[in-house]
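Dear colleague,

I am passing on the structure below, and after it I set out what was found. Please read the notes with the structure open beside them.

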Amino acid sequence: MGGTIWIVQPVTIERDAGADRVQQIETYTPDGALTTRTVTIPIPPPPRYELVVHEWRLQSVAIDRTGKSPNVIEETNFQGRGLGRFELPPGDAVTSGTLDVVATALSPGNAGAVSPIIDQNQTPRTKPPSSLEQILLQQQRR
């Protein structure tokens with residue numbers, strides 16, 4: 001059983017370029033003349049995306065050694081394992097191209113900060129899913 005399957009998928013990400021806060025200040029000089037001064041303060045863009053990377057690994061295989069089943073392998077179980085998480089830099093700090101999300105997720109060494117993937121069909125829920133969870137679950141089933 002070995003080998004790793006890597007999935008490469010192009011993704012378009014909506015970015016926020018930040019903004020400038022522009023203030024115009026009018027003041028009177030000592031001789032009564034009106035002066036206008038413009039002050040521009042750049043507002044940096046906030047991070048919009050945090051990527052959480054998991055891997056799906058084979059956990060167990062049930063093999064029929066009796067020979068009575070038509071299938072030699074009766075069941076396989078997989079388990080998700082968190083590799084790490086990271087934020088995409090905001091604005092134009094990330095250019096278009098290929099991003100190795102696995103290497104980037106592994107580099108901070110924060111795998112313990114990633115929740116495991118849980119199969120919702122096998123695990124009893126303690127509370128009903130929120131509306132956001134319902135939408136995500138519907139999208140996963142497509």
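Two or more residues of the patch come from each of β3 (50-63) and β4 (73-87), with β3 giving the largest share, four residues. V61 lies in strand β3 and counts as partly exposed because its relative accessibility is 30%, where partly exposed lies between buried (under 20%) and exposed (over 50%), with a 1.4 Å probe and protein chains only.

Leaving aside residues up to four places away in sequence, V53 touches R81, G82, L83, G84, F86, V101, V102, A105 and V114, a contact being heavy atoms within 4.5 Å.

As for confidence, the mean pLDDT (the predictor's confidence in each residue, from 0 to 100) is 76 for the chain, and 77% of residues reach 70 or more. Residues 122-126 have pLDDT below 50, and this stretch has three contacts in the model beyond near neighbours in sequence. Where pLDDT is low, predicted coordinates should not be read in detail.

Residues are numbered from 1 along each chain as its sequence is written, and side-chain values use heavy atoms, without hydrogens and water. Local features need pLDDT of at least 70 and side-chain atom pairs count only at pLDDT 80 or more, while totals for chains, interfaces and linings use all residues.

Best regards
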